[in-house]
Amino acid sequence: MDPGGLTFRDFALNDNGASFNRGDPMIAGGPNQVSSRVLGIDAARGLARVQFASIRIDLALPLGWQATEDWERGVAYSTDKRFRLIVWRVDFAFEGAKDAEHYAAMKSGSIQARRPTIKASARKLGDGVFLIVYENVARAQGDSETRTVFDLVLQKPGNPKEGVLLTLGVPASQTERGLNLLALLKQNLQIAW
């Protein structure tokens with residue numbers, strides 16, 4: 001995975017991080033949803049480092065985005081909500097998988113079985129992370145086109161039973177840019193295993 005020369009500035013709005021202090025009443029999340037903690041702003045690079053304390057994961061996100069979390073996951077999205085991200089911890093054994101590879105195969109297979117119009121492909125990257133790409137995902141309310149969804153499945157070093165799932169959904173017309181952004185997110189992901 002490679003950002004293809006793009007940086008967070010290519011996905012950011014120059015608001016110096018103000019968006020991370022605004023709540024959005026239109027985003028569902030229940031009573032336990034809170035804004036995530038901003039650890040720092042790097043306006044020159046167009047990013048904010050955000051901490052999802054409940055899952056012990058820090059991410060760099062483009063300026064202009066918003067981020068919230070609840071007890072099991074972190075959620076971030078662009079201002080126009082066309083780019084949407086979810087990150088959570090995964091207990092592979094609880095999900096019925098023996099490890100990250102088995103989980104990636106099970107998840108892509110079950111999605112295709114439930115929604116035959118979706119094309120899913122999974123592959124192992126050079127660093128052992130699994131990338132699943134779902135194409136032709138039905139648009140949700142408010143979307144103007146079908147979507148492409150990327151899953152990154154990371155396994156805890158030394159423990160094949162635990163991992164992290166990072167899911168990024170983008171408009172189908174933005175698939176290549178979405179993959180570039182996913183590479184940036186992966187490069188700047190910090191997990192407190």
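A few ground rules come with the model: residues are numbered from 1 along each chain as its sequence is written, and side-chain values use heavy atoms, with hydrogens and water left out. Because the model is predicted, local features need pLDDT of at least 70 and side-chain atom pairs count only at pLDDT 80 or more, while totals for chains, interfaces and linings use all residues.

Let's begin with the open sheet, where 8 strands follow the order β1-β5-β6-β7-β11-β10-β9-β8 with antiparallel pairing. At its edges stand β1 (34-35) and β8 (119-124), each with a single partner strand, so one side of each is left without a neighbour in the sheet. Helices (H or I, at least four residues) and strands (E, at least two) are DSSP runs, numbered from the N terminus, and two strands pair if DSSP finds at least two bridges between them. Within the sheet, β5 (residues 66-69) and β6 (residues 73-77) are joined antiparallel over 4 bridges, and alanine 67 stands opposite alanine 76 in β6.

Now turn to the helices. Helix α1 (residues 100-114) lies across β7 (84-91), β8, β9 (130-137), β10 (147-156) and β11, running at about 10 degrees to β9. Helix α2 lies across β7, β9, β10 and β11, and runs at about 140 degrees to β11. For these angles, axes are lines fitted to C-alpha atoms, for helices over the stretch in contact, and angles run from 0 to 180 degrees between N-to-C directions. Contact here means heavy atoms within 4.5 Å.

Several residues of α2 are buried, among them Leu181, Leu182, Leu184 and Leu185. Buried means under 20% relative accessible area, exposed over 50%, and partly exposed in between (1.4 Å probe, protein chains only). The buried residues of α2 pack against β4 (57-62), β7, β9, β10 and β11. In the loop between β11 (159-171) and α2 (175-187) you will find serine 173. Leaving aside neighbours within four places in sequence, serine 173 touches Arg82 and Glu145.

Strand β4 deserves a look of its own. Here 6 of the 6 residues are buried, so β4 is largely enclosed by the rest of the structure. Ile57, Leu59 and Leu61 are buried on one side, and Asp58, Ala60 and Pro62 on the other. Strand β3 (residues 47-52) runs antiparallel to β4, with 6 bridges joining the two, and alanine 48 stands opposite leucine 61. The β3 and β4 strands form a hairpin with 4 residues between them, and arginine 56 in the turn has a positive phi of about 55 degrees. Strand β12 (residues 190-191) also pairs antiparallel with β4, over 2 bridges, and isoleucine 191 is the bridge partner of isoleucine 57.

Finally, the charged pairs. Side chains of opposite charge can pair when their charged atoms come close. The structure holds 10 salt bridges, each a side-chain nitrogen of Lys or Arg within 4 Å of a carboxyl oxygen of Asp or Glu. One of them links aspartate 143 and arginine 147 (3.7 Å, N to O); aspartate 143 is buried at 13% relative accessible area, and arginine 147 is buried at 5%. Another joins aspartate 42 to arginine 45, with the closest N and O atoms 3.8 Å apart. Here aspartate 42 is partly exposed at 25%, as is arginine 45 at 44%. Asp70, Glu72 and Arg73 are linked in a network of salt bridges.
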